[in-house]
Number of protein chains: 2
Amino acid sequence: MLIVQKYGGTSVGDTNRIKSVARRVVNKHREGHRMVVVVSAMGHTTDDLIKLARDITGNPSAREMDMLLSTGEQVSIALLAMAINNLGADVISLTGPQAGIKTESIHSRARITDIDCTRLHAAIEAGQIVVVAGFQGLCDNKDITTLGRGGSDTTAVALAAALKADLCEIYTDVDGVYTADPRVVPDARQLEAITYDEMLELATLGAAVLHPRAVECAKIYGIPLRVRCSFNDNPGTIVKEESDMEKNLVVTGVTCNKNVAKLGIFGVPDQPGIAYMVFKMLADLNINVDMIVQSSMRDGVNDISFTVTQDDLRKSIETIEEIIKVVGATGYTHNPHVAMVSVVGAGMTSNPGVAAMMFGALADGEINIDMISTSDIKISCIINNNEAEKAMNILHRKFELSKVSRSNCCA
Amino acid sequence: MLIVQKYGGTSVGDTNRIKSVARRVVNKHREGHRMVVVVSAMGHTTDDLIKLARDITGNPSAREMDMLLSTGEQVSIALLAMAINNLGADVISLTGPQAGIKTESIHSRARITDIDCTRLHAAIEAGQIVVVAGFQGLCDNKDITTLGRGGSDTTAVALAAALKADLCEIYTDVDGVYTADPRVVPDARQLEAITYDEMLELATLGAAVLHPRAVECAKIYGIPLRVRCSFNDNPGTIVKEESDMEKNLVVTGVTCNKNVAKLGIFGVPDQPGIAYMVFKMLADLNINVDMIVQSSMRDGVNDISFTVTQDDLRKSIETIEEIIKVVGATGYTHNPHVAMVSVVGAGMTSNPGVAAMMFGALADGEINIDMISTSDIKISCIINNNEAEKAMNILHRKFELSKVSRSNCCA
C-alpha cells in the first residue's frame, strides 16, 4: 500500500517524540508499504515565531510571515529524516516547494492548486521514505506560501490524492473523532467511523481534530482518512464515504465553536443585489462569513445578521461602516460574546424532527437561541458563549450519544 | 551607490538588534543608495539547531543538516524585512535559492558556482531593499546546500561581485581588523586598511573577523570590503588591493589558530607519486590539509608531517591507517595539543630577515618550534598550544605592532 501519514505539532513536540514517530514510520515501511510522511512544526514553534514577529511589528507583512513560519515545518522534516535514517531506512526530506506543492498567490491562507509529483514519484520508486513539510507551498512567482493553521492536514490529503494513495492517516494527540469534545462533555464517545459530510460539518463547526479543507479534499478524491493517536496503537476513527458501522444514527456528534462573532446590519433597502454587494465586499477582504440570516420585518427594509471568526471582527466592522454608506442602511451591531453549538448527522436528512428536538432541549435548559442555521446534515444555533458547555452536555444527553447502539431518531 | 551589507549572528542576535540593523539599512537607502543586505542566523540559533540534531543522532546526514540549519537565516531575513517594512521602506526577503545562488552539490561546505541575478535585479530596480539569507544556496538537484560556518561573508562578497556593487560592508561585533586578537594581546591596534592578501592570510590563519573564502572572492573581483561594527559608527577597516595608509609596514598582524592538529607519517618510501597518493586520499574525503613538511632524514624513506583542523582529526587518523598499508609506511603519530602562530605582512617579500626575527623572538621566550611554513607574506610556526598566548604577545611586541607609524623592518 501507499500510505500518507500526517503527524501534528504535538506528535513531533520534542526529539523523543520525533524518534517515536520515526519508529512507527519505519515499522510500516518494513512491512512493505510505501510511505509519505507529512509533519507540522514542533509543538509551540509556530507560536514562538509569531511572538518574534510581534516583537518586531504589530502589523507584519503576510509574505514575510509565510517566509518566517515555513521554517517551523522545515526543522521538523530535517529532524524526522535524521531519526528515520538513524534506524537504517533510506529517507529524504522535502519542503513544500521541493515536493512540488503549488498554491494560489495568497499569503497566510493559500489553497493548493496543483502538485507536481515528479520528485515524489522518483523518491518513492527509489524505495525512499519521503518526509514532506506540511502547511506550505510555492506560488507562481516562486514565493513561499502557507496554507493557514491546520494546513498540514490539507497537505497530507492533497498528497494522498495526487499520489493516489490507498490510505491517509492523520496522527494527532487524541484517539479519534468523538461525539463531542470530551473535555466539555465527560461521557463523549469515540466514533469508529464517520462520513465525509459529517466530519466536514464537525470540522467546520470547530471540532479541532481535522481541518475542514482536508476533509473536503478527501471527499472529492475519495481518500479514506484514519484519525488516530500517535501515542498509542488504538485504531482511531475512519472517515469515508459511508459509515457502515453507524449508518442508522441520526445525530453523530455535537460540537461548539467559540471563535465566532455576530454582526448585524439594520434597515438595508430591500432591493435586488444588495445582499450580493454586502457579502462581495466582505469576500474581497478574504473575510469568511459563516451563518447568514436575513429577515424582512418592515416594509422595504431588511435586517441582515451574519457571523465571522473573532479574528475577522475588527476588519468586518470597518467594512460594515463602509457598506452602510454605500447601501444606505441605518445602523449596525456586533457581539463577540457568542458561540455556535451544532448537532451533526447524516441521518438527519430523513428525520425532520431533529431541529425541533434540539430547540426543545435548549429551551428546557433555559438557553436562549439568537440565530439558527441548518443544512442537510447539521443544525447550528448561536447562543451566549458562557452557556456553550451547558448546551453541549444537554444536547449530548438528549441525543443519547454516549450509547454505541441506539435509535436517537425523534420520528 | 549599490552597497551590499552583511550582518553576522551577533548583529541580529535579538529583535531589538534587528530593529537597529533595520534603521541603519533604511538610513543608507534614504541617502539614495541601492541596498542588498545579507544576514546570518540570529545569535545562537545555529548552535541550538545543531543541538536538536545531536539529540536525534550522533551522525546526522549532511543533506538533512543543511535542510535544518538553513532555517536559521530564513528566520532572520523574514524578521529583518518586517523591521525594515515597519520603518516605511519597501523591502523583500529572499532565501539563498530565491536569490539565485547556485552551489556545488556538496553538503555542509558547498562553494558558490553561479548567481542568477534576475530576481535580485528586478527587486533592486523596483526600489526595494533586498534582504538575502547568507550561508545557503541551491545545488543542481534542487536541494538546499550550506556554505559552511562563516559562509554568510562569502554570500555577501559573491553577491557584491555578481551585482557589481560599489562596496561590500561586513558588519560584526568588533571594530575592524586588529594587529592581533585584542583579547589575547592587550595592546593590539585596529588597522585602518589592509590588503586582500594580508587579510587572506590573517583569515586563513584563524582571525575570525572575515571568512577566507570571502576575502579570496573579494580579491578576485576587486570588491572593496569594509569590516565594521554594527553597534557604533566607527569607520572600521577597509580591505582592498593596496594599503596606502600603511604600505611601509613589513608585518601587519600576528595571529593564532588553535583549531589545528598535527599528524606525522614515518618511513614513507622515497618514490615519486607517494606524496600525491597520501594527499589525494585525504582530499577525496574533503579533509583540508594546511601545513605540509616533508623531511628526508634517512636513505630511501621520508617522514611527512602535516596539519588538519581538529574536526578532521578523527577522519584523518582513519585515513592514515589505510594510507600506511597502501604506501608501506612504518607508523604514524598525532598531536591535537598544538597551535599555529603566524606573522603576516605584504612587506615581507622584500625583507628576508622577518623569519629569523620571529624565530629569535620565540627562542628568547623559550618557546619550542615544532614545524615551520612560509609564504610570500606570512610565516607560521606550530608550537605547543598552551604557549600560544605568550607567543602572540612576544611577537606583537617584537614587531612593534601597537605603534601606528614605525619601521619594524629588520633589515
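**Exercise 1.** List the residues that B:V132 is in contact with, leaving aside its neighbours within four places in sequence.

*Solution.* Start with the test: two residues are in contact if their C-beta atoms, placed from the backbone, lie within 7 Å. Next, apply it to this predicted model. B:V132 is in contact with B:V36, B:V37, B:V38, B:I77, B:L94, B:A99, B:T155 and B:L159.

Local features here need pLDDT of at least 70, side-chain atom pairs count only at pLDDT 80 or more, and totals for chains, interfaces and linings use all residues. Residues are numbered from 1 along each chain as its sequence is written, and chains are lettered from A in the order in which they are written.

**Exercise 2.** Find which residues of helix α11 of chain B are buried, and what they pack against.

*Solution.* Step one: locate the helix, residues 388–398. Helices are DSSP runs (H or I, at least four residues), strands likewise (E, at least two), numbered from the N terminus. Step two: pick the buried residues (20 or more other C-beta atoms within 10 Å of their own). They are B:A391, B:M392, B:I394, B:L395, B:H396 and B:K398. Step three: find their partners in chain B, which are β13 (253–257), β18 (338–344), α10 (354–364) and β20 (378–384). Just after α11(B), B:E400 takes a positive phi of about 50°.

**Exercise 3.** Describe the side of chain A that touches chain B.

*Solution.* First, count: 27 residues of chain A are in contact with 27 residues of chain B. Then find the sources. α1 (15–30), α2 (45–56) and α3 (62–86) of chain A each supply at least two residues. The largest share, 14 residues, comes from α3(A).

Technical notes. Buried ≥ 20, exposed ≤ 12 C-beta atoms within 10 Å, placed from the backbone.
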